Amino acid sequence: MQWNKLRDEVHKNAVEHGWWEKPLTFSEIIVMCHSELSEAVEEYRAGRPMVYNACGCNHEYHNSDGVCAPERVSCPTSNDPLDCPYRGRKPEGVAVELADCILRILDYMGQVKGDVDGIVRGLQGYAPIQEKKGDGKPLPDLVAGCHYLLSSAYMSHRHAEMLGKKKEGQKIQSARPLRPFRTRDFERIAREKMVGCILDIMRWAKDNGVDMEAIITAKNEYNKTREYRHGGKRL
């Protein structure tokens with residue numbers, strides 16, 4: 001996958017849709033990544049599929065879970081479910097929320113011009129992907145690991161900020177000495193942790209038979225069609 005190309009496309013779309021009108025802080029980026037992971041867990045808890053489109057039809061022959069699944073119900077609404085007026089256009093599901101986490105990370109990397117492809121090569125060289133490793137890993141294990149990586153990225157970025165302030169002559173209170181590291185070292189580590197989260201999701205998807213590349217592409221294309229700062233959200 002050409003990560004830097006996708007990074008630029010994702011960030012360009014985010015800028016055009018107003019999400020960088022006010023510069024986002026690193027903590028806001030990390031919080032939203034955590035939020036996407038939590039939404040994946042909510043889909044998982046509700047027993048919904050990896051990928052689906054919502055069903056807005058309230059006829060009695062539909063299941064009550066709001067999932068458009070003409071293959072499992074006798075749906076007379078439309079001969080072609082893709083043309084059904086009740087079928088939501090937005091991709092939904094466990095894997096889609098995981099894809100949203102990846103898109104959030106790529107958006108940030110686009111803002112800071114982070115070399116995602118380079119980091120991926122470095123991480124894979126350090127810890128080569130094992131074809132059988134992680135086979136069938138439960139979603140909670142993946143999400144817990146990703147939360148840890150993102151929190152570690154936040155702490156590394158905070159150390160970089162503290163070192164930056166120290167260079168400006170401000171007094172820094174820190175429980176651990178930061179002498180061996182430079183600001184760019186902590187920034188590099190933060191980005192590696194975030195890209196590590198992407199790689200963990202991609203590995204998990206492969207192990208569980210999920211075409212994550214296709215899902216990322218579909219959600220990114222859908223995002224291009226959304227209104228400016230859709231939903232009136234702050235982030």
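The accessible surface of the protein is about 13600 Å², computed by the Shrake-Rupley method with a 1.4 Å probe. Carbon and sulfur atoms hold 50% of that surface. The model is predicted: local features need pLDDT of at least 70, side-chain atom pairs count only at pLDDT 80 or more, and totals for chains, interfaces and linings use all residues. Residues are numbered from 1 along each chain as its sequence is written, and side-chain values use heavy atoms, without hydrogens and water.

Of the 235 residues, 42% count as buried, meaning under 20% relative accessible area. The protein has seven helices and two strands. These are DSSP runs: helices are H or I with at least four residues, strands are E with at least two. From the N terminus, the order is α-α-β-β-α-α-α-α-α.

Now look at H1 and helix H3 (residues 94-112). They pack at about 90 degrees, with axes 8 Å apart. Axes are lines fitted to C-alpha atoms over the stretch in contact, and angles run from 0 to 180 degrees between N-to-C directions. H1 and H3 are therefore roughly perpendicular, a label for angles of 65 to 115 degrees. On the H1 side, the contact (heavy atoms within 4.5 Å) includes Trp3, Leu6 and Val10. H3 brings residues including Ile102, Leu103 and Leu106.

Next comes His17, in the loop between helix H1 (3-16) and helix H2 (26-45). Is His17 buried or exposed? His17 counts as buried because its relative accessibility is 10%. A polar atom of its side chain lies 2.9 Å from the backbone oxygen of Asn13. Beyond neighbours within four places in sequence, His17 is in contact with residues including Asn223, Tyr228 and Arg229.

Terms used:
Buried < 20%, exposed > 50% of the residue type's maximum accessible area, 1.4 Å probe, protein only. Polar contact = N/O pair within 3.5 Å; in protein donor to acceptor, adjacent residues only side chain to side chain. Parallel < 35°, antiparallel > 145°, perpendicular 65-115°, else oblique.
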